[in-house]
Amino acid sequence: MWDEFKKGVITENALLKLMVGLCSALAVSNRLENGIFMGIAATFVLVCSNILIALIRERIPYQIRIPIFIIIIASFVTVVDLVMKAYVPVVYERLGVWIPLIVVNCMILARAEGYASKNSVAYAAVDGLGIGVGYTLVLLVMGFVRELLGTGKIILFEKTIVSLGPFNPPLIFVMFPGAFLTFGIMMALLNRYESRKKQ
Amino acid sequence: MSEPYRYFLIFIGATVVYNIVLIRFIALCPLFGVSSQVETSIGMAMSVMFVMTMATTVSWLAWNYVLEPLHVGEFLYIPVFILIIATLVQFLEMVLKKVSPPLYRAMGIFLPLITTNCAVLAVATEAVKPGFLNLNVAYHFSLPEALVYTIGVAIGFGLVIVVFACIRERLETSPVPHAFRGAPIAFMTAALLSLAFMGFTNLLGL
């Protein structure tokens, strides 16, 4: 069980290793707060859809499994969509089209097809949780780096928690190119760390 | 604002100012997955444009004539649109196979991939719920406007993946630092391209 969880977080990290679900991660990681909410939303959908698919996996006809998976995922995304709109309207506004787009996040469909449809409920739940936590962690690191460098401070729930003091921040990090830059450097660092470890 | 000028603004806005790939980060998977050869990226771009236009038309009709009159749009639009797209892709695949085998050979392999291409769902959603869009010409799209918007987005997508494929073909033979080989250098390239596209910000007041 623990290994399943660790696999999702580290060795099969959706973003850094499998490179799926990139779009949303790069787009919303300009603030730490966005990362937290997006991570929770995606993890919720992952765990719920994994559990439901694992529960009914023997009853799903093989030929139409993809539409069924997508409908299951879409229903949970609708739940997230409406809940966030009701309780955190400001964040919902900021995340915008990314909430409905969780449906087509390849990370979730890949887990449904590749894991949940072949394994028991408990394993599927742990797998969903692991992948979700791995995704959230990367979002948090990226959100932290980008917000800190790009604005000079980090604002969490309307409170400034870290501040670099008065300096002129390189705005580029909160803007679009900053996402590619931060992610590319993260991947390169990971590559370097791994090739060091091998030697 | 005169009518043709409004269309022009929507088109330019969708193509370059709010470029779907580099400025809005939608549809990154094909950018990093497919675009290592120029020819395949052109095929991909054509099929995306085809599916997107069809999907937007059907979703727009579904939203305006079925979902909205019944007041169920707000909570049913996600499953309905994704079903429309999935069915449409399947349908197109069958029609193409029967009607035009050469076209099917050119586009066939990309079609199943397009179902999960977030760009198609994003465009279909934005064409009916322009609240998501910060283009300041958008309040509520009529069908022709939605189509102009869709085609603009598709051209923007095609432009970027073809340019990116050209650069990646060159990158294969360039001396890249060891740690950056493969995906990381592609991200660096994308960062520079995105920086270039930011030059279009505020073009024509968009």
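Helices (H or I, at least four residues) and strands (E, at least two) are DSSP runs, numbered from the N terminus. By that rule, chain B has nine helices and zero strands. This is a predicted model: local features need pLDDT of at least 70, side-chain atom pairs count only at pLDDT 80 or more, and totals for chains, interfaces and linings use all residues. Residues are numbered from 1 along each chain as its sequence is written, while chains are lettered from A and ligands numbered from 1 in the order in which they are written.

**Chain B overall**

- The elements of chain B run α-α-α-α-α-α-α-α-α from the N terminus on.
- Chain B has 206 residues, and 44% of them are buried. A residue is buried if 20 or more other C-beta atoms lie within 10 Å of its own, exposed if 12 or fewer, and partly exposed in between; C-beta atoms are placed from the backbone.
- Two residues are in contact if their C-beta atoms, placed from the backbone, lie within 7 Å. Of the contacts in chain B with a separation of 6 or more, 76% join residues 24 or more positions apart.

**Where chain B meets chain A**

- Chain B puts 32 residues into the contact, and chain A puts in 34 residues.
- On chain B, α2 (28-33), α4 (73-99), α7 (118-128) and α9 (183-198) each supply at least two residues of the side that touches chain A.
- α9(B) gives the most to that side, with nine residues.
- By class, the side of chain B that touches chain A has 27 nonpolar, three polar and two charged residues. Ala, Val, Leu, Ile, Met, Phe, Trp, Tyr, Cys and Pro count as nonpolar, Asp, Glu, Lys and Arg as charged, and the others, Gly among them, as polar.

**Nonpolar core**

- A nonpolar core is a set of buried Ala, Val, Leu, Ile, Met, Phe, Trp, Tyr and Cys residues joined through C-beta atoms within 7 Å.
- The largest nonpolar core has 122 residues. Those with the most contacts inside it are Ile73(A), Val103(A), Ala27(B), Ala119(B), Leu121(B) and Phe157(B).
- Leaving out residues up to four places away in sequence, Ala27(B) touches Cys23(A), Ile20(B), Val21(B), Asn117(B), Cys118(B), Ala119(B) and Phe157(B).

**Helix packing in chain B**

- Axes are lines fitted to C-alpha atoms, for helices over the stretch in contact, and angles run from 0 to 180 degrees between N-to-C directions.
- Helix α3 (residues 38-67) of chain B packs on α4(B) at an angle of about 140°, with their axes 10 Å apart. The two are therefore oblique to each other. Angles under 35 degrees count as roughly parallel, over 145 as roughly antiparallel, 65 to 115 as roughly perpendicular and the rest as oblique.
- Residues of this contact include Trp63(B) of α3(B) and Tyr77(B) of α4(B). They divide into 16 nonpolar, two polar and no charged.
- α7(B) and helix α8 (residues 143-171) of chain B pack at an angle of about 155°, with their axes 10 Å apart. That makes α7(B) roughly antiparallel to α8(B).
- Ala119(B), Val123(B) and Ala127(B) of α7(B) meet Ala146(B), Tyr149(B), Thr150(B), Val153(B) and Phe157(B) of α8(B). This contact has seven nonpolar, one polar and no charged residues.

**Helix packing in chain A**

- Helix α7 (residues 121-151) and helix α8 (residues 176-198) of chain A pack at an angle of about 125°, with their axes 10 Å apart. That makes α7(A) oblique to α8(A).
- Met142(A), Val145(A), Arg146(A) and Gly150(A) in α7(A) meet Gly178(A), Thr182(A) and Phe183(A) in α8(A). By class, this contact has three nonpolar, three polar and one charged residues.
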